[in-house]
Amino acid sequence: NAALRLLYDGMDVYLKNKPRGKLFHDPLAAAAMLNPDICEWREVEIYRHKGKWGSRLKEGTNTFISIKADRQKLVEELVR
């Protein structure tokens with residue numbers, strides 16, 4: 001499938017330059033980028049207060065965060 005191929009190709013390029021390896025820390029984010037239906041999204045505003053980052057619902061920002069993931073859709077995307 002296209003998502004898995006892109007992930008594989010990206011890691012192949014990375015590992016040619018770093019043969020000791022790399023942890024792939026966020027396969028959900030990569031899969032959701034290729035198939036946004038994997039996650040439920042909300043439009044937010046990102047803010048920083050007292051040294052900490054956060055988000056709050058706000059329309060018109062064009063900044064979206066995932067609030068929920070469908071595990072079955074993720075698995076289906078990765079094995080398709």
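This briefing covers the fold, core, surface and salt bridges of one protein model. The model is predicted: local features need pLDDT of at least 70, side-chain atom pairs count only at pLDDT 80 or more, and totals for chains, interfaces and linings use all residues. Residues are numbered from 1 along each chain as its sequence is written, and side-chain values use heavy atoms, with hydrogens and water left out. The protein has 3 helices and 3 strands. It holds 5 salt bridges.

**Overall fold**

- Along the sequence, the elements follow the pattern α-α-β-β-β-α. Helices (H or I, at least four residues) and strands (E, at least two) are DSSP runs, numbered from the N terminus.
- The radius of gyration is 16 Å, well over the 12 Å that the globule rule gives for 80 residues, so the protein is more spread out than a compact globule. This radius is taken over C-alpha atoms, and the globule rule is 2.2 Å times the number of residues to the power 0.38.
- The C-alpha trace spans about 40 × 30 × 20 Å along its principal axes.
- Take contacts between residues at least 6 apart in sequence: 39% of them join residues at least 24 apart. Contact means heavy atoms within 4.5 Å.

**Core and burial**

- Buried residues make up 15% of the 80 residues. Buried means under 20% relative accessible area, exposed over 50%, and partly exposed in between (1.4 Å probe, protein chains only).
- The largest nonpolar core has 5 residues: A31, A32, I38, C39 and L74. Such a core is a set of buried Ala, Val, Leu, Ile, Met, Phe, Trp, Tyr and Cys residues joined through side-chain atoms within 4.5 Å.
- In soluble globular proteins, nonpolar side chains tend to be buried together.
- A31 touches I38, L74 and L78, not counting residues up to four places away in sequence.

**Surface**

- The protein exposes about 6,700 Å². Carbon and sulfur atoms supply 55% of that area. Accessible areas come from the Shrake-Rupley method with a 1.4 Å probe; for residues, only the protein chains shown count as cover.
- L6, M33 and L34 make a nonpolar surface patch of about 280 Å². Patches are made of residues with over 30% relative accessible area and no salt bridge; like charges are joined within 9 Å, and nonpolar side chains (Val, Leu, Ile, Met, Phe, Trp, Tyr) within 5 Å.
- L6 lies in helix α1, which covers residues 2-17. L6 is partly exposed, at a relative accessible area of 44%.

**Salt bridges around E45**

- R56 and E45 meet through their side chains in a salt bridge of 2.8 Å, N to O. R56 lies in strand β2 (residues 52-57) and E45 in strand β1 (residues 39-49), so the pair ties together parts that are 11 residues apart in sequence. A salt bridge is a side-chain nitrogen of Lys or Arg within 4 Å of a carboxyl oxygen of Asp or Glu.
- K58 also forms a salt bridge with E45, with the closest N and O atoms 3.4 Å apart. This pair links distant parts of the chain: K58 sits in the loop between β2 and β3 (64-69), E45 in strand β1, 13 residues apart.
- Shared partners join E45, R56 and K58 into one network of salt bridges.
- Each member is partly exposed: E45 has 24% relative accessibility, R56 has 43% and K58 has 41%.

- The side chains of E40 and R42 form a salt bridge of 2.8 Å, N to O.
- E40 is partly exposed at 30%, and R42 is partly exposed at 34%.
- I67 is in strand β3. I67 contacts E40 and R42, leaving aside neighbours within four places in sequence.
- I67 and R42 are 25 residues apart in sequence but 6.9 Å apart in space, C-alpha to C-alpha.
- I67 counts as partly exposed, at 45% relative accessibility.

**Positive phi in the loops**

- K50 has a positive phi of about 55° although it is not a glycine. K50 sits in the loop between β1 and β2 and is exposed, at 74% relative accessible area.
- N62 is a residue other than glycine with a positive phi near 60°. N62 is found in the loop between β2 and β3 and counts as exposed, at 64% relative accessibility.
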